[in-house]
Amino acid sequence: MPAHSHNNKFMRSAITLAKKGAGQVSPNPLVGAVLVKHGRVVGKGYHKFFGGPHAEVVALSSAENKARGADLYVTLEPCCHQGKTPPCVDILIEHGIRRVHIGMLDPNPRVHGRGVKKLKKAGIEVEVGLLEQECAQLNEAFIKYITANIPFVILKAALTLDGKIATCTGNSKWITGEESRKRGHRMRYEADAVMVGSGTIITDDPLLTVRLYKGVKKNPLRIVVDSSLSIPLTSRVMQPGLAEKTIIATSPRKAATAKAQTIRDRGAEVLAVKVRVGRIDLAALFTELGKRGIATVLIEGGSELNASALKSGLVDKIMFFYAPKIIGGRDSLSAIGGDSMKKIADALQLQDISIQRIDCDFLVEGYLRKAEG
């Protein structure tokens with residue numbers, strides 16, 4: 001087997017390890033590391049939780065005294081600055097690592113290229129770009145967050161073949177099957193925050209928790225976009241145990257009302273965000289979320305919030321779960337509300353699309369094509 005095939009195999013193993021940290025390490029990146037000596041894996045590890053030891057350190061610990069002279073395969077450039085943990089490059093140098101294969105350079109300006117430079121200066125061979133595309137996709141949220149200072153935004157919806165998310169009465173349970181709903185709950189687990197509009201709270205009164213993804217207790221931050229502060233105080237997200245991890249984004253005027261204070265007394269945060277044409281300015285909201293270390297936001301609608309998010313140009317990724325059902329009716333609710341486009345040429349376009357069968361449903365996943373210039 002050619003050497004590059006071996007290298008790909010070890011890097012793919014590192015990528016698989018890195019994915020185990022999903023939902024636990026944000027706003028840090030997902031990183032996996034594999035140590036190889038004489039063609040055999042002698043150590044491996046991944047970044048398990050925010051503030052915990054980095055993947056390289058975990059791999060070195062598992063290798064014990066076998067690390068010296070080994071090759072390291074790591075999905076992201078080792079850090080060279082003091083953070084919550086010591087610089088990984090210094091530790092690699094101390095342990096006598098012979099060669100380092102790096103999936104991609106760290107997009108963090110504090111690290112970018114500096115880790116590689118320091119390793120080379122210490123006489124360690126370095127290869128950069130092994131399975132780079134796969135490593136970049138692994139950390140697509142981190143890359144957006146660390147370079148743009150705003151969250152990576154995923155727009156998720158469950159809809160019928162004719163693009164409906166609810167009947168004319170607002171009924172939407174359940175459009176998709178259980179396996180699709182489990183995947184949706186896994187997405188919640190992996191996101192820092194889940195965002196809905198006030199209409200969804202009023203109509204569905206969701207918990208916005210992770211229930212169908214077994215074996216985890218972490219729930220995302222809940223964000224309700226509510227310019228008129230119409231959320232009922234009886235809503236489930238306003239109850240003890242949930243309110244403490246809920247943000248209501250409303251207008252500055254509504255944020256100063258007695259109802260806003262009542263919501264604060266329940267334990268939820270009322271966040272004043274500027275308004276444009278009667279709606280919360282999502283760009284301003286996402287900027288604030290970025291300042292708070294929120295790296296990934298999962299938007300779960302409804303129709304009007306979906307439209308506003310797409311119009312803002314801030315949505316990065318679409319994940320639409322289609323069920324083999326047709327509702328029909330001009331008064332049933334479409335996945336995307338707002339004003340209609342006049343021309344097909346103005347339609348938003350997706351790229352890098354994938355389609356996956358999930359039991360009887362199918363998932364369409366793609367990225368919004370950004371306007372040039």
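Residues are numbered from 1 along each chain as its sequence is written, and side-chain values use heavy atoms, with hydrogens and water left out. Because the model is predicted, local features need pLDDT of at least 70 and side-chain atom pairs count only at pLDDT 80 or more, while totals for chains, interfaces and linings use all residues.

An open sheet of 9 strands runs in the order 11-10-9-8-14-6-15-18-17, and its pairing is mixed. Its edge strands, each pairing on one side only, are strand 11 (269-272) and strand 17 (350-358). From one strand to the next the twist averages 20°. Helices (H or I, at least four residues) and strands (E, at least two) are DSSP runs numbered from the N terminus, and two strands pair if DSSP finds at least two bridges between them.

With a relative accessibility of 54%, Asp359 counts as exposed (buried means under 20% relative accessible area, exposed over 50%, partly exposed in between, with a 1.4 Å probe and protein chains only).

## Pockets

Rolling a probe the size of a water molecule over the atoms shows where empty space is left. Here a pocket is an open set of points on a 1 Å grid over the protein atoms alone, where a 1.4 Å probe fits, with protein on both sides within 12 Å along at least five of seven lines; lining residues have an atom within 4 Å of a point. Grid points are joined across faces, edges and corners, and a volume is the space filled by probe spheres set on the points.

The largest pocket holds about 1,400 Å³ of space and is lined by 42 residues, of which Gln137, Leu138, Glu140, Lys317 and Tyr367 lie nearest its centre. Among the elements giving two or more residues to this lining are helix 1 (3-19), helix 7 (178-190), strand 17 and strand 18, whereas the largest share, 5 residues, comes from helix 5. The lining divides into 18 nonpolar, 11 polar and 13 charged residues, where Ala, Val, Leu, Ile, Met, Phe, Trp, Tyr, Cys and Pro count as nonpolar, Asp, Glu, Lys and Arg as charged, and the others, Gly among them, as polar.

The second largest pocket has a volume of about 1,100 Å³. Its lining comprises 47 residues, with Thr200, Asp204, Glu300, Gly301 and Gly302 nearest the centre, and divides into 17 nonpolar, 19 polar and 11 charged. Elements that give two or more residues to the lining of the second largest pocket include strand 6, helix 7, helix 8 (198-204) and helix 12 (303-312).

## Backbone

The peptide bond from Ser26 to Pro27 is cis, with omega near 10°, and Pro27 is found in the loop between helix 1 and strand 1 (32-37). A cis bond also leads from Lys173 to Trp174, with omega near -15°; Trp174 belongs to the loop between strand 7 and helix 7. His38, in the loop between strand 1 and strand 2 (40-46), has a positive phi of about 55° without being a glycine, and at 76% relative accessibility His38 counts as exposed.

## Salt bridges

Side chains of opposite charge can pair when their charged atoms come close. The whole structure contains 18 salt bridges (a side-chain nitrogen of Lys or Arg within 4 Å of a carboxyl oxygen of Asp or Glu), including the following.

| Pair | Closest N to O distance |
|---|---|
| Asp71 and Arg99 | 2.7 Å |

Asp71 in strand 3 (residues 71-76) and Arg99 in strand 4 (residues 99-104) are 28 residues apart, so the pair links distant parts of the chain; both residues are buried. A network of salt bridges links Asp71, Arg98, Arg99 and Glu125. Arg186 and Glu190 both lie in helix 7, 4 residues apart, about one turn of the helix, and are partly exposed, at 39% for Arg186 and 34% for Glu190. In the remaining pair of the table, Lys274 is partly exposed at 47%, whereas Asp281 is buried at 7%.

Notes. Axes fitted to C-alpha atoms, helices over the stretch in contact; angles between N-to-C directions.
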